[in-house]
Amino acid sequence: MPSSGLATDAPTLDASRPAFSEVIVPRHLHRSFTYAIPARLQGTLTVGSLVLVPFGPSTLQGVVIALSTRPPGGPNHPAARRLREILSLLDDRAETGLDRSLLELTRQISEHYLAPWGQCLRLILPTPSPRKPSLRYVLTEAGRHVEEKHPRLSPTALAILARLAESPKGLAPTSLQRALSKPVARALMTLKQRGLVGELQPESPKKPAADQKVSRRSPRKNARKNAASPEPLPLAPVQATWQPAWQDKLRTSLDQAAHRAILLQAPAAQRLVCLLQAIDETLARHRTALVIAPEIARVSTVAALASKRWGERVATLHSALTPAARDDAWRRIRAGTADVVVGTRSAVLAPFPSGGPPLGLLFVEQEEDPSLKEEQEPHYHAREVAWMRARQQGAVLVLGSAHPSLETLHREGLDRIPPDGAADEPASASTRSRLAAVLAVDLRKTPYGTVLSEPLIVGMREALEARSGRLSVILFLNRKGFAPLLLCRDCGASPHCPRCSVTLTFYRGAGRLACHYCGAALPLPDTCPSCLAPRLDPVGSGTERIEEEVRRLFPQAKIGRLDRDRARTPAQADAIHRQASSGELDILIGTQMLFQGAPLPRVPFVGLPHADAGLHVPDFRSAERTYHALLDAIDLAQPEDAGGKVVLQTYLPTHHAIASVVQHNPATFYEQELPFRQALGYP
């Protein structure tokens, strides 16, 4: 049996064949671990190899980050005698190891976000393949003749020998651990050193030929799978034209094979045209393209259009994929057969092969979207990591947005190229002709409890009367439920979440209160929790309350609602999108889900019942995000010269985020928001 890699063997090894390796494991740890390299793997491992290593009582994936012919501290150091061996390479796809530049990028992420390198390593490790058989241990000839009470073996080791004697085909370490209900790694290592057990290496499973693959799913399961992954929504045709400034800048950057960052500020449909043609230019130069989008719906739309042009060269990566589909995409990207990758934020670390075509284009769609920020450790931002990777690999970085974030607008080394070639001309005649007329309604001057003001109701009625078999009205309010809180009219208290200490949202239809942070749900109280008074009234409005009011005012209209309560799955959201696009609905009410996926058709009338709702969130970016959401909402209305109208209801008509939207003047927002950020030291 091979030795366990003890330090006493080190002086006899050839210096050209490292016998020790430093391995990083995906755990919340700030250090690497030294492992001995077994004889069968010496000369095979490289920096970046994916390996399986024993870690305490468990087995983990790890990445080799350094190789050495001598153990740390020298061959006589006491710690060298306790080194454990690497179990095996992860599988056949790990023979060449991870790209070193990708490994270095995870180290940069670790330093930039002050996160353990092991946590950052999770971002690039593949999903464990369910087809891979595990390592098994079997008894050797010597192990079969060990006495039942051997004086030099622990009770755990003797129990392992007894279990292996009952299993001639061997057992995996996890099976032994479950059977004995105690850690077995150290006992297995002792038995292995003494030649009493041996390792039975797994054989790689044979893959069926492409024409022999047979789906073992039942027809019913296939139907459910297809229902969970609906076809992408169709996009309205867009004229595929480029402006010279954008085209020349991109081609020059790709020809020079040098890093350059470009801000593409344009509506969604124009950005999509630019994206597809940018991929064309990149592939023509034998380089790869990586596209990052904030939500899965947008990824599906972009990937569908890309697949029509480049077929099997396109791969998608996002969290909604099954483990098998994600594993298949990982393999294809790693093998170099997919040179166009479209995915959500985690795809920014897609494993392109080190020996394949270099990365040429990194396109971040909707770079201002908060979904690009990871909520778990490491708390990376895909836009910033994309910038790191593009700089590292000499790729062109394109940040696409209709309204860029303040961080991006004021970042150095960024070329800003509006596709129409025009500078910012707020409130110009050409700009107004492409936008809808906006009427602001001051809710402070309306009767108490007004949900829909008279101008908004009149605008809806006019649009519905002129309807010709299409969606006519869109109402945007980024609040779910019936009301954001219940308020006691006697003491002024409102029910709060016991865990999050935030007010609970009132759902009238379900008769419950819910927390939007932790998901806790409570039954509707009959009296105030503080003073036991029965006067609990809903305050504010959500999409559920807007729908109820609209149905009361327009009982004959076909009304749809698009929020997380009504559309809990992508299939349900797509079904509502299709109803709106095909003209089956007269009125559509929704949250920010209105802006996800394929663009909705532009309508004659857009209403904003509570435009300043997002301004009251305790976040220094609340004004910016409200401003961006309102811009997206009014962009759903037809241009002013086509009769498009927007009615915006607000309690804060003088707020710079509201005023800039009403006046179509971005300068109003930026000139007030930037000094506020600078004064308080915010980004």
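Leaving aside neighbours within four places in sequence, threonine 34 is in contact (heavy atoms within 4.5 Å) with Phe20, Ser21, Glu22, Pro72 and Leu83. The model is predicted: local features need pLDDT of at least 70 and side-chain atom pairs count only at pLDDT 80 or more, while totals for chains, interfaces and linings use all residues. Residues are numbered from 1 along each chain as its sequence is written, and side-chain values use heavy atoms, with hydrogens and water left out.

**Threonine 34**
- Threonine 34 belongs to strand E2, residues 33-36; strands (E, at least two residues) and helices (H or I, at least four) are DSSP runs numbered from the N terminus.
- Threonine 34 counts as buried because its relative accessibility is 16%, the term meaning under 20% relative accessible area with a 1.4 Å probe and protein chains only.
- The side chains of threonine 34 and glutamate 22 are joined by a polar contact of 2.4 Å; such a contact is a pair of N or O atoms within 3.5 Å, one able to donate a hydrogen and the other to accept it, and residues adjacent in sequence count only if both atoms are side-chain atoms.

**The sheet around E2**
- Strand E1 (residues 20-24) runs antiparallel to E2 and is joined to E2 by four bridges; pairing requires at least two DSSP bridges between two strands.
- Phenylalanine 33 in E2 is the bridge partner of valine 23.
- The open sheet has five strands in the order E2-E1-E4-E3-E5, paired antiparallel.
- E2 and strand E5 (88-89) stand at the edges with a single partner strand each, so one side of each has no neighbour in the sheet.

**The whole protein**
- The protein contains 19 helices and 25 strands.
- Of its 683 residues, 48% are buried.

Note on methods:
Buried < 20%, exposed > 50% of the residue type's maximum accessible area, 1.4 Å probe, protein only.
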